[in-house]
Amino acid sequence: MKAIIFDDFGGADVLRLADAPMPELRPDDLLIKVMAAGVNRADLLQREGVYGSQSYGDSPILGLEVAGEVMATGDTVSGFAVGDRVMGIVGGGAYAQYARLDSGMAVAIPAGLSFMEAASVMESFVTGWEALTHLGQIAKSETVLIHAAAGGIGSAAVQLAKAAGATVLATASASNIDNVLSLGAEAVFDYQRSDFEAEVVDTTASRGVNLIIDFVGGSYLARNIRSLAPGGRLVQVGLLGRDDNAIIPLGVVLHNHLRLIGTVMKSRSRAEKRAMVQRFTEQVLPMMGQVLKPVIGAVYPLAATSEAHRRMEAGGLFGKIVLTDFPD
């Protein structure tokens with residue numbers, strides 16, 4: 001089969017389309033003919049060597065979310081059949097003509113949703129829902145601050161928080177403020193021109209926010225902590241700032257009884273990922289395509305994956321980057 005591979009860690013230019021072995025089907029797997037795949041920040045980090053040679057027990061090929069058609073099923077699979085349209089989370093392998101998908105992490109694509117739209121759902125909405133509800137324990141009438149709200153997960157999190165009955169504050173670039181407002185945010189702060197900590201003080205009359213979902217880290221950490229109301233929670237999902245040595249104002253954490261929670265999808269076990277997908281299927285999937293809609297910012301053919309990675313590195317996009325035009 002054809003797949004995007006790389007021989008050495010490095011920039012986007014190391015990626016190339018080449019032949020790769022077909023995935024080996026496990027008893028509880030689906031073999032998927034890939035129609036579209038989402039591009040995620042973790043793909044760039046893997047390509048750069050941040051994870052080293054770790055594949056966490058799955059494919060070393062890039063790609064964490066997939067949409068396609070079931071071509072074969074493992075011996076113990078139930079609930080899926082050849083020809084089904086599915087979307088799901090994989091531990092790697094989505095940038096390929098065929099991928100194996102754990103049936104416990106697969107979901108039937110809702111009617112009316114295209115393969116391209118489906119490929120932009122799973123990583124973003126599963127991660128966003130996990131951060132907001134299972135970890136962040138968001139409640140109606142609470143206020144949440146979502147950073148990098150124009151990105152794939154951020155744009156999903158804004159919609160999810162709004163659907164959960166929360167008041168949503170967000171940060172984004174000036175060019176995306178109106179876009180994020182259109183998703184349901186009450187206020188959006190230009191992270192390049194304003195201090196979100198001061199904006200939170202003004203917007204909440206010094207009360208602070210109950211929950212923060214952050215993808216940036218670094219210098220944001222101390223400001224996030226100071227922006228939380230007593231009993232508040234910070235869920236750290238990513239490190240766009242590339243700085244994991246940030247200062248923690250422990251006095252504020254202790255005095256205000258704050259909770260700091262870290263999460264990343266890629267290193268979670270199959271059981272944990274299955275549980276996350278199950279919660280998404282039960283609580284979020286019925287709203288998908290109606291109350292909730294995937295936001296696609298750019299589409300590239302699989303052969304132009306290097307360009308897709310460079311576009312993500314450039315930043316400023318509203319929504320998800322999706323790969324299409326996979327080989328027949």
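A salt bridge is a side-chain nitrogen of Lys or Arg within 4 Å of a carboxyl oxygen of Asp or Glu. Keep that in mind for the close-ups below, which all come from a predicted model.

**View 1. Arg-26, Asp-29, Asp-58 and Arg-100 join up in a network of salt bridges.**
Let's zoom in on one pair from this group. The side chains of Arg-100 and Asp-58 meet in a salt bridge, at 3.4 Å from N to O. These partners link distant parts of the chain, 42 residues apart: Arg-100 is in strand S6 (residues 98-102), while Asp-58 is in the loop between helix H1 (41-48) and strand S4 (65-73). Is Arg-100 buried or exposed? Arg-100 has 18% relative accessibility, so it counts as buried, the cut-off being under 20%. Asp-58 is buried too, with a relative accessible area of 17%. If you search the whole structure, you'll find 20 salt bridges.

**View 2. Arg-274 and Asp-28 form a salt bridge.**
Here the closest N and O atoms are 2.8 Å apart. Why does this pair tie together parts that are 246 residues apart in sequence? Because Arg-274 lies in helix H9 (residues 270-283), and Asp-28 sits in the loop between strand S2 (16-19) and strand S3 (29-39). Arg-274 is partly exposed, with a relative accessible area of 30%. Asp-28, on the other hand, counts as buried at 18% relative accessibility.

Another is Arg-274, where the polar contact between the side chains is 2.8 Å.

**View 3. Arg-16 and Asp-7 meet through their side chains in a salt bridge.**
The N to O distance in this pair is 3.1 Å. How does each partner sit relative to the surface? Arg-16 counts as partly exposed, at 38% relative accessibility. Asp-7 is exposed, with a relative accessible area of 53%; that label takes a value over 50%.

**View 4. Lys-320 is buried in strand S15 (residues 320-324).**
Its relative accessible area is 3%. How many Å is the polar contact that joins the side chains of Lys-320 and Asn-40? That contact is 2.6 Å. Not counting residues up to four places away in sequence, Lys-320 touches a whole list of residues, among them Gly-38, Val-39, Asn-40 and Glu-65. The list also includes Ser-120, Glu-123, Ser-124 and Gly-152, as well as Val-295, Ile-296, Gly-297 and Ala-298.

Take Leu-169: it is 40 residues from Val-209 along the chain, and the C-alpha atoms of the two are separated by 8.8 Å.

How values were computed:
Residues numbered from 1 in each chain as written. Predicted model: local features only at pLDDT ≥ 70, side-chain atom pairs only at ≥ 80, totals over all residues. Heavy atoms only, no water. Helix = DSSP H or I, 4+ residues; strand = E, 2+ residues; numbered from the N terminus. Buried < 20%, exposed > 50% of the residue type's maximum accessible area, 1.4 Å probe, protein only. Polar contact = N/O pair within 3.5 Å; in protein donor to acceptor, adjacent residues only side chain to side chain. Contact = heavy atoms within 4.5 Å.
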